[in-house]
Amino acid sequence: MTTLTLTEIAARLGELETQGDIQLQGVAALDTATPGHISFVASSKHAARAKASHAGALVLPTTLADQVDRPALIAANPLATFARITALFHPEPALQSGIHPSAVIDATAQIDSSCEIGPQVYIGADCVIGANTRIGAGCVIGTECQIGANTLLHPHVTLYAHTSIGAHCILHSGCVLGSDGFGNALEAGRWVKIPQIGRVIVGDDCEIGANTCIDRGALEDTVIGHGVKLDNLIHIAHNCQIGDDTAMAACVGIAGSTQIGQRCQIGGAAMIVGHIEISDDVMVSAGTFIAKSLSKPGAYTSVMPQQPHPDWIKNAAHLRHLHAMHERIKSLEKELVELKIGVIS
Amino acid sequence: MTTLTLTEIAARLGELETQGDIQLQGVAALDTATPGHISFVASSKHAARAKASHAGALVLPTTLADQVDRPALIAANPLATFARITALFHPEPALQSGIHPSAVIDATAQIDSSCEIGPQVYIGADCVIGANTRIGAGCVIGTECQIGANTLLHPHVTLYAHTSIGAHCILHSGCVLGSDGFGNALEAGRWVKIPQIGRVIVGDDCEIGANTCIDRGALEDTVIGHGVKLDNLIHIAHNCQIGDDTAMAACVGIAGSTQIGQRCQIGGAAMIVGHIEISDDVMVSAGTFIAKSLSKPGAYTSVMPQQPHPDWIKNAAHLRHLHAMHERIKSLEKELVELKIGVIS
Amino acid sequence: MTTLTLTEIAARLGELETQGDIQLQGVAALDTATPGHISFVASSKHAARAKASHAGALVLPTTLADQVDRPALIAANPLATFARITALFHPEPALQSGIHPSAVIDATAQIDSSCEIGPQVYIGADCVIGANTRIGAGCVIGTECQIGANTLLHPHVTLYAHTSIGAHCILHSGCVLGSDGFGNALEAGRWVKIPQIGRVIVGDDCEIGANTCIDRGALEDTVIGHGVKLDNLIHIAHNCQIGDDTAMAACVGIAGSTQIGQRCQIGGAAMIVGHIEISDDVMVSAGTFIAKSLSKPGAYTSVMPQQPHPDWIKNAAHLRHLHAMHERIKSLEKELVELKIGVIS
């Protein structure tokens, strides 16, 4: 178990103001922390909960400095600071360089000697894997893939041939990168497959969730920028381009050739049609269906509000007749005007 | 092929009233059954189909006892009884205790000698696996996982480190338990990863569908109760708690820290936002988006009704102007009142 | 690198009219093509882009023959022709017949000697695999599966026991076929599993996307016709029947026992409830929820249109009160009629 004093933590993270000192054994949430834990307070809204917490130390926003009588670190961004403290107490397991004897590695693959290649991995011809990268058990890496340094593939990741992954990435189990885009030409009622010859290119510092799929491009590449964070069970279709630092929650689907800007936040289960452009700094609400390009930053939504089922039944029937409802209102307005004229004249 | 008489079946299941006897070779649906089959009738609504069936025997609800001239078992819950009869005719393949020579098992893992460990499995350090549990081909079990007795992992299941699975569970292929929750702190436009140090805890008698993902908790654990049934391609985010005997159909997504009660039924493709509480005995309709806590049992819905596309085009345009429509109605009401006063006065 | 003249391409594809000749090194999109590339023009709408393209040759629709001063192939269906040309320049890697030494194959499996069986594959008892079929690294094939000739399983495909796949199919990584359907009988608040004894039967010329799941039937089979194209992360529940040449984009979910006709096109993230019938030639828009049978060909839609979030907030509130809004309009109409009678009389 790691033990650290508040002063040591401040020193490791650099440039943090401290208030008092204490020896700490770990991190915990405000409500469940005990005196050996450090916890965090996101904003001054939570001052009362902070005071009630049993945490031995707190990460406080500058607005709460001196407001809570407790050893503390003062941080501009308490959540980000707490994330780094959590990493100090819970470091990644030490890299165990080497290739497990059950792995099957093509003789032409260039794997840095510092890499950790797990059991039952397969790595194809002409792959290049950078320093300190870990490949978890059962991963399959197709021919001519490139993986940067300090990247982590959890077990059961699949990379199709020619996929390129940057440095400092995390790929979760079951994700599939480089599968064929869904391209078919209709000919006399049957589908002719359009070979998908583009690649998937992923930048540095990306995280890709469990069972997420990113298809290779049809003619050009599917490109995921730097710092992109994708949750589980996401589908990114062929030729999409996702801008730097964009994040998507789980179950999102992006259809083909859509371009998404930088720093966008796409809520869970949002669906975005193909061949559109989403500008930088767009927020799409969870469950929202985006059918048109969005050229301005801002938040966009399209979900039906939930109702008790009997109420929904009563209201939903009218959705099929909104146009008729609108026409009736127009007609009422016209008649009323005519009536007024009649009354007045 | 298994052959059983109706009397033998009744004896194996215990306490069932029989009507006549017959030798049977298997189970089938009412409409496709032949004289060697036993089928079932869910309720008296299906009496006519029951009479028309060629099934040699039937499981009948008590309301149809003596109404169908056929060997029969009389059951309070014909579907549940039929499920048990199906299991008699189609028992699981016999357990083949032992570890396949191609499996890679850490020396510190404690695996009951009755277990069946399939080809190309990897089991990490300090895992504990109970009696009569089967681990299918290609499964990857991270360090310090616990799996109860009589549990079945189909091929290609991934458990991250520290995951705990109860007894009598069934995990389907491609499901991933214990992947990192989606936790990132935004700092100057970039994401700082929040290490996810909680676990996934699954109770007894659970079934988890193919390619379903359950993320580990951020600080505390993600907890799946006893008897929970999850279909395919479901996402359960970090810190969720799912109550006992709750069932979810395929493609459901549950965002982080949401608590769902006991005996809930969540329809396919329903999406539930984070940080809310759903009470016991709630039914969520398929395709429904739940954005707020639900404190009362009952059924809730929020789907748009389908329409022929040209009708939808006409109606959907008005959805963007419902508020304006409402204001026009208010205005009409006001004018009409004024007009009436004018007319009357 | 493959090099082909326009005349050679025309000869390989058969019966195509050519206009001029040129030596070509590959295919590209209109806007990125260089003089060594052949590109395509889908319709005369794109005539201007065609003229501006740097492509050395073009596939032109008959309407543009002689309209573009460039070596060209004249095709009734330029996209389908371009797909075949792409395949000429990018042929599948040559089949490497044989079984990788790390694969584990049951002694009773019948595998054609021309097959390519990759590393760490597991093939169970009594499987039958046709000529020229490739099984990618880490695939798991359960007992008594059948796979036709010239079929390709990418890495990490899972087939449960008794699954049958036709000839000339492509299965992408992470797809799971034959997992148990979601069948449970509710008994005193708990779920009793209904054993799923049907199979999954897939026809010829099908493509199944990454991490897509197709469940086995409960009593009968789940049947996917010939020429069916399924994208990634699709769920097909037990007992569904999908007609020939139907295509589904990613993230679609089809609930149990639903029958879908031939040549349907199901948009991404569409959800279709169970126990309904969709006729031939139905198009379902992306994101649409289909809750009732569709007996006529045509396009159907049910998505909420997106709005800036503040507008949505204003409008969505009224969705809960559409019935009341409708009643107010009815009431206004009645009052107006009464008023008119009063005015006129």
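Which residues in α1(B) meet which residues in α3(B)? Point 2 takes this up.

1. **Basis.** This is a predicted model: local features need pLDDT of at least 70, side-chain atom pairs count only at pLDDT 80 or more, and totals for chains, interfaces and linings use all residues. Residues are numbered from 1 along each chain as its sequence is written, while chains are lettered from A and ligands numbered from 1 in the order in which they are written.

2. **Two helices in chain B.** B:I9, B:R12 and B:L13 of α1(B) meet B:T81, B:R84, B:I85 and B:L88 of α3(B). Contact here means C-beta atoms, placed from the backbone, within 7 Å. Helices (H or I, at least four residues) and strands (E, at least two) are DSSP runs, numbered from the N terminus. Helix α1 covers residues 6–13 and helix α3 residues 78–89 of chain B; their axes come within 11 Å and cross at roughly 110°. Axes are lines fitted to C-alpha atoms, for helices over the stretch in contact, and angles run from 0 to 180 degrees between N-to-C directions. α1(B) and α3(B) are therefore roughly perpendicular (angles of 65 to 115 degrees).

3. **The sheet in chain A.** An open sheet of 10 strands runs β9-β12-β15-β18-β21-β26-β29-β32-β35-β38, with parallel pairing. Strands pair if DSSP finds at least two bridges between them. β9 (104–105) and β38 of chain A are the edge strands, and each pairs on one side only. Inside the sheet, β18 (residues 158–159) and β21(A) pair in the parallel sense over 2 bridges. There, A:L159 stands opposite A:L177 of β21(A).

4. **Where A touches C.** Chain A gives 63 residues to the contact, and chain C gives 62 residues. On the chain A side, α5(A) supplies the largest share, 9 residues. The strands take part too: β39(A) pairs with β40 (residues 307–308) of chain C in the antiparallel sense over 2 bridges. A:T301 has C:Q307 as its bridge partner in β40(C).

5. **Cores.** The largest nonpolar core has 242 residues, and A:V252 and A:A270 are among those with the most contacts inside it. Such a core is a set of buried Ala, Val, Leu, Ile, Met, Phe, Trp, Tyr and Cys residues joined through C-beta atoms within 7 Å. Buried means that 20 or more other C-beta atoms lie within 10 Å of the residue's own, with C-beta atoms placed from the backbone. Not counting residues up to four places away in sequence, A:V252 touches A:I234, A:I266, A:G268, A:A269 and A:A270. Apart from this core lies another, of 31 residues, including A:L60 and B:I194.

Technical notes
A residue is buried if 20 or more other C-beta atoms lie within 10 Å of its own, exposed if 12 or fewer, and partly exposed in between; C-beta atoms are placed from the backbone. Angles under 35 degrees count as roughly parallel, over 145 as roughly antiparallel, 65 to 115 as roughly perpendicular and the rest as oblique.
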